[in-house]
Amino acid sequence: FESVTTFTLRFSRKNRSVSLPPLLTFHEMPHAFTDLYTLGSKGVCARCHSVPSSPGICLLCGETLCLGKCAPNPGGVQQFDGTCTEHCRLQHAACGVILVV
């Protein structure tokens, strides 16, 4: 599987090659929303390792994250983006789908 999918389109009687970004795949999640809610509300943030007061779940990888910035800033490193934005930028090429729990 290549990271970029290429296919051929026909328009103006010429063949042109178009490159598309890789397809995003979703992490397997529980079928019942109550199970998903429990998973998010009892999970620990992947960045700061604490239980978030306002959690979000990344639907691409399944990690629980703090919404906004992590309260206890890990390692004293200044955080410019919110935790979800930073996670999507670093882990998923700036693409992301976060479920707010």
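**Ground rules.** I worked on a predicted model, taking local features only at pLDDT of at least 70 and side-chain atom pairs only at pLDDT 80 or more, while totals for chains, interfaces and linings use all residues. Residues are numbered from 1 along each chain as its sequence is written, and side-chain values use heavy atoms, with hydrogens and water left out.

**Sheet.** I looked up the strands, taken like the helices as DSSP runs numbered from the N terminus (helices H or I, at least four residues; strands E, at least two). Strands count as paired if DSSP finds at least two bridges between them. Three strands form an open antiparallel sheet, in the order S4-S3-S5. S4 (64–66) and S5 (98–100) are the edge strands with a single partner strand each, so one side of each has no neighbour in the sheet. I noted an average twist of 35 degrees from one strand to the next. For angles, axes are lines fitted to C-alpha atoms, for helices over the stretch in contact, and values run from 0 to 180 degrees between N-to-C directions.

S3 (residues 55–58) pairs with S4 over three bridges, in the antiparallel sense. Within this pairing, Pro55 is opposite Cys66 in S4.

**Helices on the sheet.** Next I checked contacts, meaning heavy atoms within 4.5 Å. H1 packs on the sheet and touches S3, S4 and S5, with its direction at about 115 degrees to that of S3. H2 (residues 83–91) lies across S3, S4 and S5 and runs at about 130 degrees to S4.

**Aromatic pair.** I counted rings of Phe, Tyr and Trp (its six-membered ring) as paired with centres within 6.5 Å; planes under 30 degrees apart are stacked, over 60 edge-to-face, the rest tilted. The count came to one aromatic pair.

For accessibility I used relative area with a 1.4 Å probe, protein chains only (buried under 20%, exposed over 50%, partly exposed in between). Phe33 is exposed at 56%; Tyr37, at 42%, is partly exposed.

**Positive phi.** Most residues other than glycine have a negative phi. I found His49 with phi near 60 degrees, in the loop between H1 and S3. His49 is exposed at 61%. Ala93 has phi near 55 degrees and sits in the loop between H2 and S5. Ala93 is exposed at 66%.
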